[in-house]
Amino acid sequence: MRNVNPVHIPSLWWVFPLAIILFIVIAAFDSYFTVSAGNVAVKLRFGKLIGAYGEGIHYKMPFVDSVEKFSVRIKKDSFNTEAFSKDLQTVGLTLAVNHRILPNTVESIYRNLGPEYTNTILKPMVEEWTKAVIAKYSADSLISNRVEVARELNEILKAKMAEKEVIVSDIAITNFEFSKQFLRAVEEKQIAEQEAKRATNLVEKVKKEAEQKILQAEAEAKSLRLQREVVSDNLIKLRQVEAQLKAIDKWDGRMPTYMAGNQMPFVMVK
């Protein structure tokens, strides 16, 4: 007969203790969670909110509890949106919004807004009120009034998001975008305004030169008139003197034959 050796089956008794040890280690590590500085956390048990926790190490039931963390530092988010101006021009905007939440409101934030409140609440609010504010301005006045637009948006969103327990600290408009047709029209308008300004300046220059010439002519006319007045009086006296000198030159030494009263002799010229 042929001898058959029995097959040796290795013993697996050690697997069960190892699995138990591994389970205990994992459970031990999963029994605690850490909240770092600048963050808060909420603990959930089978989806139910249990409580909120600040920075530090906290206990949770392994494999049962889960944790959602929130930053309470100021966050900066950028939003791109489009709006219509008062004159129905399409305006593209990029807005930078600084916001944060308070540690003592994290439970309410989680219940009412959820962990993605930036996308679900803040972004729609920014887009809605940006459209409302931009509609008050004409497209060509938006750039010069950028600070005023941002200030108005800031005031509105601060009030609206405060109702949601989100603190908006600042809003800045980082970019305006207009259609090519509008930009070309603005450029043409600026060129026309510059040409009109140059023409106005030229007219003012010519007007001032004409006024100066008129004043100069008036001054010269006045001077000539005064000169004529002075010359005429002096000229009359000069002619009288010259006539007397001529009479003296032609006097023959004889006294006139006729004198009236006490008058001096009058020299007769022949």
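Which residues does Ile134 touch, not counting residues up to four places away in sequence?

Author: Before the detail, a word on the basis: this is a predicted model, in which local features need pLDDT of at least 70 and side-chain atom pairs count only at pLDDT 80 or more, whereas totals for chains, interfaces and linings use all residues. Residues are numbered from 1 along each chain as its sequence is written, and side-chain values use heavy atoms, with hydrogens and water left out.

Leaving aside residues up to four places away in sequence, Ile134 touches Ala83, Phe84, Ser85, Lys86, Val91, Leu93, Leu142, Val149 and Phe176, where a contact means heavy atoms within 4.5 Å. Ile134 is also one of the residues with the most contacts inside the largest nonpolar core, together with Leu93, Leu142, Val149 and Phe176. A nonpolar core is a set of buried Ala, Val, Leu, Ile, Met, Phe, Trp, Tyr and Cys residues joined through side-chain atoms within 4.5 Å, and buried means under 20% relative accessible area, exposed over 50%, and partly exposed in between, with a 1.4 Å probe and protein chains only. This core has 39 residues, and its largest share, seven residues, comes from H3. The elements that give two or more residues to the core include E2, E6, E7, helix H2 (106-112), helix H4 (139-142), H5 and E8. Helices (H or I, at least four residues) and strands (E, at least two) are DSSP runs, numbered from the N terminus.

Helix H3 covers residues 117-134 and has the highest mean pLDDT among the elements, 92, while helix H1 (residues 15-29) has the lowest, 67; pLDDT is the predictor's confidence in each residue, from 0 to 100. H3 lies across E6, E7 and E8, and runs at about 40° to E6; such angles run from 0 to 180 degrees between N-to-C directions, with axes fitted as lines to C-alpha atoms, for helices over the stretch in contact.

The three strands form an open sheet in the order E6-E7-E8, with antiparallel pairing. Strand E6 (75-84) and E8 stand at the edges with a single partner strand each, so one side of each is left without a neighbour in the sheet. From one strand to the next, the twist averages 25°. Two strands pair if DSSP finds at least two bridges between them, and strand E7 (residues 90-101) is joined to E8 by 10 bridges. One of the residues in this pairing is Asn98, whose bridge partner in E8 is Asp170. H5 packs on the sheet as well, touching E7 and E8, and its direction makes about 150° with that of E8.

Between helix H5 (146-162) and strand E8 (166-177) there is a loop that holds Glu165. Glu165 has a phi near 70°, a positive value in a residue other than glycine, and is partly exposed, with a relative accessible area of 29%.

As for the whole protein, it has six helices and eight strands, and 24% of its 270 residues count as buried. The mean pLDDT is 78, and 70% of the residues reach 70 or more. Over residues 266-270, however, pLDDT stays under 50. Where pLDDT is low, the predicted coordinates should not be read in detail.
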